[in-house]
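Try each task before reading its solution.

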Amino acid sequence: MIDAKGLTRRDFLKGSAATVGLGLIGTGAVMASPRVIGANDRILIGVIGCGSKGASHLRSLVEKSKDPKSKIAVVAVSDIYQPRKDRAREISGGEVYHDYRKLLERNDIDAVVIASPDHWHARMATDAMEAGKDVYLEKPMTHTWEEAKALVGVVRRTERVMQVGAQSCSDDRYWKANKLIREGALGKVLWTTGSYCRNSTRGEWNYNIDEGANPDNLDWKAFLGSAPKRPFDKERFFRWRKYWDYSGGIATDLFYHELSHLQIALGPEFPKKVSAGGGIYVQHDRDVPDTFHMIIDYPSDHSVVLCSSMANRQEVPELIRGHEATMYFESPGIVVRPENEFKDACPEITVALDPRSSHMDNWLECIRTRRTPTLDADTAYKVMVAIDLGVRSYRKEQVMKFDPAKQRVI
Amino acid sequence: MCSTNPILVRMKRVAMNCEFELVLCGSDRRYLIDAGEEAFEELARLEEQLSVFIPTSDVSDINAHAAERPVRIDARLFDLLLLAKRVSAETGGAFDISTGPLVRRWSAGDDHGGFSVPTSEEISQLISKVGMKHVCLDQAAITVAFDRPGMMINLGAIGKGYAVREMADLLRGRGIDAGLISGGTSTVYAIGHAPDDDAWTVGIRNPVEREERLTTVRLRDRALSTSGGHERFTEADGVRYSHVIDPRTGRPADALLIACAVTSDPAESDALSTAFLVLGVEETKEYCSAHESVGAVLVPVPAPGADLEIIRIGIE
Amino acid sequence: MSFYDDGALSRRDFIKGSAAAAVTLGLASGASAQQSDVKEIRCGFIGVGTEGSMLLGKLVKIPGVKVPAICDIYEPNLQKGLKIAGGLVRGYEDYRYMLDRTDLDAILIATPLNWHAPMAIDAMKSGKHVFSEKMMAYSIEDAKMMLKTSRQTGKLLQIGHQRRYDPLYNHAFNLIKQGVLGKITHVRCMWNRNGSWRRAVPDPKLERLINWRMYKDQSQGLMAELASHQMHVTNWFLESLPISVMGYGGIDYWKDGRETYDNVNVLFEYPEGVKVYYQSLTTNQFDNCYEQFMGDKGTLVITTGKAQLFKEPRAEDLMWSSAAHKEKVGGKEAIVLDADVTAKLKAQAGEGEQIAAGEKKKDDYMAELEAFIQCIREGKQPDCDGQEGLESAATCLLANQAMAQGKKLYYKPEMFKA
């Protein structure tokens, strides 16, 4: 009699259970569209924002959904630019929406991927979670740190699973690093370096501009959203990362990745002091600097230094320096090398890595189990504070201070 | 379903102080009866939840404790209270489930002849102590609280409509797509249409000549609720004081003999019919023009000797 | 033609059913802090049919309880359950996906009988406490496995014999222990109704799903659905377990294709010669529902909401009976028991033992659910635990077998032990 595995009530119904039309009357004002995990118990997904990153997520999700074991399906997409809508429909076969809110109204959609420009992140994620959907939110979490703080509240209140899309956080090396650091492998952690460098003749973020884009096939007002009102400008639409109105430049686009996984390794913390420097040295066609560095000081007495140029590729090695030893991220895993002064006390350690679900898979698993995903809202928020204060430090030419207890800029 | 050789089954049950009736249309008699029985079981359960005469009911629980602390209820009942609050707000307070003390004052002495017309002072006193504004609904916690002691709610003016609605949902869920569900003379809901017609035709009884039908309304997946002030009243010195009290003035609503509301949600139509009775003709017209999906049938109190006038708003 | 209007874009306008924002209309009297003092217990609910949706409606009223997950394979039931739970609830059709969740403390099961064991066992193994509706399980083996799993996993297991939590039943039990009935020699239990027990089936394919109680592979019929409550009470009040059973059952009236009996008539023998007669009919409701305990000093007739004590002629006056509320039943005078014992009665009791103070009027379903939640909070074993459930189940299951075989069957001690 007891044989739960493999036997469902559906089996003995032999054939599709007739679901009789309900015609529910009455206001159901209390519920946030409770989704029923139903037939085949697949997770139904929508993708909001099908630009280059969005389309890439779309492709990989559609590919994944072809394997029935994955139990997912992409059923809807949304964008405000017609050619991207067409492309998204082609890739996924899902229903296409112009207004993302209509996509969110669908009771059958469980979860959405949000890959819109930064200044839309907070709004779309909030709306999605309040509509009962779990969210994969592309990085940076938000445009400003205040938005991130509010978003943490929304996650808690709506009990949604929100993964912020800094994929490197699902790299096991940073989790192993955290364990080693907590066990004292480095002694007192002092400072950490990370960098993100590129070079090009064209200029970073100078993506192709479709000559055919015009106010008829591109909803300019919708692109702007809450950003400052400006006349229709193709340059701003296709190359939004260059402009303060929509982006934080290197800080939000690139350092967010770096700092997220470093925070996982070091243990997430609010910063107490952030200062930034750099400038527009070569790429003069933008608001944001092409060379940009940040120093973040943390209350537990250590610093993180992040360096970047979009005009030279030479990186600064990613090292976590402790008083007694230094951690190197070298394939195949992590190597901890003691300082000369401490060679006798601690040996050189090499740690191999274990496989982990990809960042997206982790999100999908957490949707089912309701566990907290890898880059959870609280950690992502702490990262956002440091990142956004770096932007402000640069723009105001001033050292930014933060009160972790009160969660306020001092 | 109801097309070839339709069978009509009629079932009755007493609940909430009135007779509920089901007229169900289908092709299998046994099946209709079984479905009807289930609907009546649900009705009994709802009565247990709503009745102020049952000490363990949810409403009794609220009345006993909501002034001390927020009382949790299930989401379905909460939804009903939200509806009550909304109708209250949208009708400027003409509908109010918390006016118990006010109503009681106007019916006090009913059976023993000890009635006296309340003074203006008494009335303003009573009004200050009641009102939906003192009922706090927390949507996140799904709780009800009163912000002052002495508050009581009574779902009598919306409960039958609610029961009709829930029974209709259940019956639809059992595959019944044609039928009439009614709770006393208060509310009737039409599922689908009658076998040989494209709607159900429902009559409104003439309140004066009770054998006569005053007028009819055609319903299809809609509800009709009726409120009358003429059936319950207190008489003193030759004057009749209706028990239907206007929560805004604290005095009996006396402009209309009957007010009917027609909308798609029976609970809403139940509440609205009470509101319309209080609002009178002009304000009901205003309400209906602001709410497209709501219709009304009103019968003003006639001048002595005059015929009854039937005013249809938004209904052919 | 943009969807984005200048100025404020109200979220509430367009997202239907935006529940999560707290809408507090009016000022609550400072008592809202109370809600957060209590530890939150998160429950998943499987099976929201007639019984389940009723229980769910009561469960969500308990402070600190959240129901974020509901499962039912029949869509109309699931939708109703979601409506009742409200808030941040997710619906499932396959309970195993619900059990994957790591954010649930407990699972409540109100499904057809044959599913109690597999679901309860899976739930406990996935780290959740379990409340299972009665009867505990479809077979003695299933019931034992549930109990064993509870022990092995350390998860609490409570069975839904709600009379165990009814203040009136507890009050009556105390009186019995004090000797008001004298020596109980016989017990008679009835649960007679007039009705086919059949539910409307919109599509023939759904017959076995909706009318599961009529099919032997899912149901143990009247003994499980009704008798299990009353046999549980009998075992409880007699403080013993049956020795043997025999009886007659049949499908004698409702010959509609059902496989379970439409009437059961069973005789049990208990230790010290006590005999218990159990009957459940579906064709006549004259006797309605009650348990009658017959002792040499008095008779107790009890059901949910009412209990009466009749004095036997050769018994001394019960010391407190003069103050008790009495009524005439069929020409006989009965003392009406009330769990809300007044101070006056307490004073007059004079037996030395304090009669339990009255509890507020509360329905017994609410009482058993509150007790379950409280047990989770305090980490203590429920009163109506797996052992009591097993005893009642075994009592009823062997009775079914005795009727089927047309023989007197004997209970073995190992039937009641896991």
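**Exercise 1.** Find which residues of H4(B) meet which residues of H5(B), then describe how the two helices are arranged.

*Solution.* Start with the contacts, meaning heavy atoms within 4.5 Å. On the H4(B) side they involve B:Pro101, B:Leu102, B:Arg105 and B:Trp106, and on the H5(B) side B:Glu122, B:Ile123, B:Leu126 and B:Ile127. Sorted by type, the residues of this contact are six nonpolar, no polar and two charged. Here Ala, Val, Leu, Ile, Met, Phe, Trp, Tyr, Cys and Pro count as nonpolar, Asp, Glu, Lys and Arg as charged, and the others, Gly among them, as polar.

Next, take the geometry: the axes of H4(B) (residues 100-107) and H5(B) (residues 120-129) come within 8 Å and cross at roughly 150°. That makes H4(B) roughly antiparallel to H5(B), a label used for angles over 145 degrees. Axes are lines fitted to C-alpha atoms, for helices over the stretch in contact, and angles run from 0 to 180 degrees between N-to-C directions. Helices (H or I, at least four residues) and strands (E, at least two) are DSSP runs, numbered from the N terminus.

A word on the ground rules: this is a predicted model, in which local features need pLDDT of at least 70 and side-chain atom pairs count only at pLDDT 80 or more, while totals for chains, interfaces and linings use all residues. Residues are numbered from 1 along each chain as its sequence is written, chains are lettered from A and ligands numbered from 1 in the order in which they are written, and side-chain values use heavy atoms, with hydrogens and water left out.

**Exercise 2.** Work out the strand order of the three-stranded open sheet in chain B, and say which helix lies across S4 and S5.

*Solution.* The order is S3-S5-S4, with antiparallel pairing; two strands pair if DSSP finds at least two bridges between them. At the edges are S3 (71-72) and S4 (135-138), each pairing on one side only. Now follow S4(B) to S5(B) (residues 143-146): four bridges link them in the antiparallel sense, and B:Asp138 faces B:Thr143 in S5(B). Finally, helix H3(B) (residues 75-90) lies across S4 and S5, at about 130° to S4(B).

**Exercise 3.** Trace the hairpin made by S11(B) and S12(B), and find the turn residue with a positive phi.

*Solution.* S11(B) (residues 233-236) and S12(B) (residues 239-242) run antiparallel and are joined by four bridges. One pair of bridge partners is B:Glu235 and B:Arg240. Two residues separate the strands, and B:Asp237 in the turn has a positive phi of about 50°. To finish, sort the faces of S11(B): B:Thr234 and B:Ala236 are on the covered one, B:Phe233 and B:Glu235 on the uncovered one. In a regular strand the side chains alternate between the two faces of the sheet.

**Exercise 4.** How many residues of H11(A) and of H3(C) are buried?

*Solution.* Buried means under 20% relative accessible area (1.4 Å probe, protein chains only). In H11(A) (residues 359-369), nine of the 11 residues are buried, so this helix is largely enclosed by the rest of the structure; among them are A:Trp363, A:Leu364 and A:Ile367. A:Arg370, with a positive phi near 70°, follows H11(A). In H3(C) (residues 50-59), eight of the 10 residues are buried, so H3(C) is also largely enclosed; these include C:Met54, C:Leu55 and C:Leu56.

Note on methods: Parallel < 35°, antiparallel > 145°, perpendicular 65-115°, else oblique. Buried < 20%, exposed > 50% of the residue type's maximum accessible area, 1.4 Å probe, protein only.
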